[in-house]
Amino acid sequence: MALTRVKASGTCNRKEAKKKKEKLNEVIKKTNKINSMFKQREEHSENHGSLDNVDHNINEPPSVEAVVTSEEHDINYSEVLEIPGSDPAEWKINSCTIDYICKNGFSQNLDSSFSQSKRIYQSVRRGSFRNINRYVNKSFFETVLVNGKKCPRKYLVYSQSKGSVFCVPCYLFNNTSAFSKNGFSDWKRPKSIDKHENSLSHKTCVVKMKNRSSELNNVNEVLTFQLETEKIYWKNVLTRVCAVVKSLSSRGLPFRGDNENIGSLHNGNFLICLEMIAEFDPFLANHLANYGNPGKGYTSYLSHSTYEQFIKLMATKVQNQIVEEVINAQYFSIVIDSTPDIAHVDQLSFILRYVNNKGLPVERFLCFIENVGHKSQCMADTVFSLLKKYNIDIAYLRGQSYDNAKNMSGIYSGLQARIKEVSPLADFVPCSAHSLNLVGSCAASCLKSTLKNLSETRWSAREDACKAINQNWDSVKQSLCDISENINEKSITQNEARGLLRLMNRFEVTFMSLFWGDLLQRFNVVSKYLQSVNIDVCKVCDQYEALIKYVVNLRSDEMFQHYEVLAMKKCSENCYETIYKRKKKRTKHHDETASIIENEINLTGSLEFKVNTYLVICDSIIKELTSRKLAYDNVITKYSFFLRLTKIKPSEVRVSAEHLYSMYTKDLDVTFINECVHFQSYIQSMKNSPSTIIDMSSMLKIEGLEDIYPYVSIALHMFLCTPCSNCTAERSFSTLRRIKTYLRSTISKERLNSLAILNIESEITKQIKYEDIIDHFADIQSRKKL
């Protein structure tokens, strides 16, 4: 028969639970509460200066042997953790108190009130007893030697509660004198202090205190030395890591490889640079040997997480410095352009132009912004939010430069119009280099057959192609002839070579090749000059005016004949193609008579090519240059009188200054008008007067004349911060292509901006101090060794 389990009744269960609860309560009663093991520290008086240097070892938890309590050894934790106050009468003398005072010192309480030290003495004067009050004197805390030198008695401390003086060494080491039990307060007999000072027991206690203090300080010095040694070691490691990060990021080179193993052939540029330095640096070689390839959970500062933090910190520092310079310069302009990256994400480049502390204009890259869109309202909102993010006041925006796209340059709903609604003084200046390219493109489009279209923009870049074909004209023709006669080539290749050879044998093609070669060569040189940062709008107008005059000179009959002579020397055919063409019969309209058709002038040969081709190109270029130059003339009209200070009269300067003041009443004062007249006198008195506005601004900074001509300096800065082109934004796209490549197409937005600003603004990156970056890194690093 199987045994069945009998289930306990509810009464039995309640009895068992009651017994367990009683046992638990007994254990709880016998156990000390945790708040009884610690005592809250009391606040001490301000004159206890030595408490500021409390060693942190006092606050460390005791060892395991000390924590384990037994019946034989019962430790009072309140005494262990209590810090003695400034009053010696309240000290609890134990080993911890003695160690603390020997290590950190004590305050003599000389700044406290001595009212509690009042003692009443009776004296007989004129036959009667009188009470005399005596107090402790600060002179008691000094001893006078035979030669009159005063030496402080550092061992004495005043007790405010008892109004007496204690000898600290005797008090701590159980001396039996009055100075250690209740304190000395017989102010009538101060010589007792001298007697105690010379006693053997006092000197023994002083020696004990000094020895104990020396032992404790030696331990503290050893620990401090170990800590400083380790700190110096890791700082040296991080200095080398920071140097590698700065070098790679300033040149736009990648960091990572296939792995992060020291000694691997595919560990990336970061680790290979450290390995290369280690070949000549024993310190780094030792660190790589000891900490290389540690794996997760170990600190070596050689992993990707370390240099990623350095990249972020350095980029933030460079960005903050740029923003700080813009805020200090006060007046600034913006340059904006966008392009798709390798991942087909639209990147908006944001550039700031301002005048630095040397009086020279500079353009700084701030960041890339993803997927803003091409609508002017979206771009305007992005500009406003970005300026607000960096606390840059848009009221001081004085210029904006974009390309000639309608969503950017539109005068009604374009980006420049929306920004002017918020900042009316932000003048729009179209990109001068882009406008120059459009001039050549427009001139070529007015003809039916010209050079082959290589690019919609950057027409000046074709100067290299024209130069190459003009210099190697005969060689190119011979190569085309060989290809066309080579039976091993494909028929389509042979036919294409014959067609090109036929074109090169035409007199018109030879003529246009020489003409466009000279024209594009000048355009290319001027375009490169306009892409510089250190130019102003005045120089743009000068170069445009020079090109206009140059094309006007080319339009003359003399220059046309000159190109004809050169073409005849180079071309095998010395006549125009129109001579051999059959004359087309024009259809007579209903309102025309036969005599009109018969009397029409038919141009042939040289004259036809000159009128319908050569002059058309020249006139188109002159027209485009003149119309695009007007945009820059409107800007420099306000400031042009600065360039003519040595030529015009003071009355004319006053009129021009009044006009400029009327436009910038919130930036310039009424005294600006008289200040300009004074500045004209100063310029005329100089032997080598500055010829450009940039030279004037730099002169005011170098010679410290901004205090004399403050508003002239402001006017020059407002003009110089106006951009002339958006080429800096175009250059940032080149950096974007180097950083965000096919292999790094998934790079994050934050890392892209960090690497981009470190590479584009490498001039500022090189000036970063390692100590600042390392200290900041140590502050935010949770597992730091520093």
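A charge patch is made of residues with over 30% relative accessible area and no salt bridge, like charges being joined within 9 Å. A salt bridge is a side-chain nitrogen of Lys or Arg within 4 Å of a carboxyl oxygen of Asp or Glu. The model is predicted: local features need pLDDT of at least 70, side-chain atom pairs count only at pLDDT 80 or more, and totals for chains, interfaces and linings use all residues. Residues are numbered from 1 along each chain as its sequence is written, and side-chain values use heavy atoms, with hydrogens and water left out.

Select Arg125, Arg126, Arg130, Arg134 and Lys188, which form a patch of positive charge on the surface. Within this group, Arg125 belongs to strand β1 (residues 119-125); strands are DSSP runs of E with at least two residues, helices runs of H or I with at least four. Arg125 has a relative accessible area of 46% and is therefore partly exposed (buried means under 20%, exposed over 50%, partly exposed in between; 1.4 Å probe, protein chains only).

Next, select Asn109, in the loop between α4 (95-104) and β1. Asn109 is buried at 5% relative accessible area, and its phi is positive, about 60 degrees, although it is not a glycine. Most residues other than glycine have a negative phi.

Move to His344, in the loop between β7 (332-340) and β8. His344 also has a positive phi of about 60 degrees without being a glycine, but it is exposed, with a relative accessible area of 73%.

Finally, select Ser349 in strand β8 (residues 346-355). Ser349 is buried, at 0% relative accessibility, and its side chain makes a polar contact with that of Ser732 at 2.8 Å (a pair of N or O atoms within 3.5 Å, one able to donate a hydrogen and the other to accept it).

Note on methods. Patches are made of residues with over 30% relative accessible area and no salt bridge: like charges are joined within 9 Å, nonpolar side chains (Val, Leu, Ile, Met, Phe, Trp, Tyr) within 5 Å. Accessible areas come from the Shrake-Rupley method with a 1.4 Å probe; for residues, only the protein chains shown count as cover. Lys and Arg count as positive and Asp and Glu as negative; His and the chain ends are not counted. The place of a charge is taken as NZ of Lys, CZ of Arg, CG of Asp or CD of Glu.
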